[in-house]
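Dear colleague,

I am handing over the structure we spoke about, and you will find the sequence and the coordinates directly below. Please read the notes that come after them with the structure open beside you.

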Amino acid sequence: MKDMQPVIRIDGLTTRFGDFVVHDNLSMEVRAGEIVSLVGGSGSGKTTLLRQVLGLEKPSAGTVRVFGMDINRVDAATLRHLRHRWGMLFQHGALFSALTAFDNVAQPMRELRTLPEDLIRDAALLKLRMVDIAPAHAMRMPADLSGGMVKRVALARALALEPELLFLDEPTAGLDPALSESFVDLIAMLHREMNLTVVMVTHDLDTLLALSSRIAVLADKRLVACGTAEEVVRVKHPFIEEYFLGQRGRRALQGMRELRDRNKGKGVHDGK
């Protein structure tokens with residue numbers, strides 16, 4: 001398994017906007033089945049890096065390979081095919097306001113122009129059920145949904161084409177603690193059940209520690225640490241010390257360790 005080709009491989013990536021350098025010779029990998037979280041301060045290039053992996057922006061130098069293919073060298077047809085193999089959950093859901101919850105989830109399937117409408121209907125309702133959206137709510141418009149329901153519908157849409165790779169941009173932003181915790185549990189369940197590889201951008205410590213297989217820390221235009229939470233906090237860097245080892249960070253880390261110890265006592269394996 002260790003010799004398998006990574007799902008995402010970034011080599012020597014440099015990003016410049018005029019004289020401003022965002023990334024300088026950044027390299028990292030994401031392996032199949034992982035949940036890798038990108039963290040860093042404002043301006044560290046997390047969202048830019050995500051957009052480059054999605055093929056929405058080109059780096060100034062270096063390569064980005066997804067499923068073994070250089071995302072910036074494939075033709076348009078290959079890029080469309082690659083995009084069918086991943087799903088994206090945007091920070092605020094980004095649902096189409098003129099479409100119902102059901103039609104938002106059905107839209108990626110309809111764009112394929114190969115599936116009959118009855119199959120699309122069944123598949124869309126199944127995806128909505130997977131994220132705990134009842135059929136009674138499927139015909140609601142986004143404006144009539146709560147913030148938590150918008151996130152769930154957006155997640156169902158991201159999973160509409162049975163992707164292998166899922167991108168999450170601040171998945172729990174705007175949710176209260178109870179909704180955030182239930183959404184984290186939902187993501188963890190879907191990750192297991194669908195054998196997903198996940199790349200997540202988040203600033204929320206509880207979400208980060210609950211879900212991440214590895215944490216990639218961006219600072220000083222580069223990757224300053226990448227590993228488990230325990231490995232990352234041992235790296236001497238001002239951002240890591242401020243973010244993870246402040247009062248809130250220490251509480252979150254202690255909570256993670258207590259949960260892990262309880263799970264071990266019950267014979268539960270967390271897979272990380």
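Predicted model: local features only at pLDDT ≥ 70, side-chain atom pairs only at ≥ 80, totals over all residues.

Six strands make up an open sheet of mixed pairing, and their order across it is S6-S7-S8-S3-S9-S10. The edges are formed by strand S6 (86-89) and by S10, each of which pairs on one side only, and from one strand to the next the twist averages 15 degrees.

I looked most carefully at strand S9, which spans residues 214-219.

Is S9 buried or exposed? Six of its six residues are buried, so the strand is largely enclosed by the rest of the structure. In a regular strand the side chains alternate between the two faces of the sheet, and the side chains here can be read against that pattern: Arg 214, Ala 216 and Leu 218 point one way from S9, while Ile 215, Val 217 and Ala 219 point the other way, and all of them are buried.

Helices H3 and H4

Helix H3 (residues 101-112) and helix H4 (residues 117-130) have axes that come within 9 Å and cross at roughly 130 degrees, which means that H3 is oblique to H4. The crossing of these two helices, H3 and H4, is right-handed. On the H3 side the contact involves Phe 102, Val 105, Ala 106, Met 109 and Arg 110, and these meet a set of H4 residues that includes Glu 117, Ile 120, Arg 121, Ala 124 and Leu 128. By class, the residues of the contact of H3 with H4 divide into nine nonpolar, no polar and four charged.

The buried residues of H3 are Ala 101, Phe 102, Asp 103, Asn 104, Val 105, Ala 106, Pro 108 and Met 109, and the buried residues of this helix pack against H4 and also against helix H5 (147-158). After H3 comes Arg 113, whose phi is positive, near 60 degrees.

Helices H5 and H6

The axes of H5 and helix H6 (residues 177-193) come within 11 Å and cross at roughly 15 degrees; because angles under 35 degrees count as roughly parallel, H5 is described as roughly parallel to H6. H5 passes H6 in a right-handed crossing. In this contact Gly 148, Lys 151, Arg 152 and Leu 155 of H5 meet Leu 179, Ser 182, Phe 183, Leu 186, Ile 187 and Leu 190 of H6, and the residues involved divide into six nonpolar, two polar and two charged.

With best regards

Methods: Residues numbered from 1 in each chain as written. Heavy atoms only, no water. Axes fitted to C-alpha atoms, helices over the stretch in contact; angles between N-to-C directions. Helix = DSSP H or I, 4+ residues; strand = E, 2+ residues; numbered from the N terminus. Parallel < 35°, antiparallel > 145°, perpendicular 65-115°, else oblique. Left-handed = near helix turned anticlockwise from the far one by under 90°. Contact = heavy atoms within 4.5 Å. Nonpolar A, V, L, I, M, F, W, Y, C, P; charged D, E, K, R; others polar. Buried < 20%, exposed > 50% of the residue type's maximum accessible area, 1.4 Å probe, protein only. Pairing = 2+ DSSP bridges.
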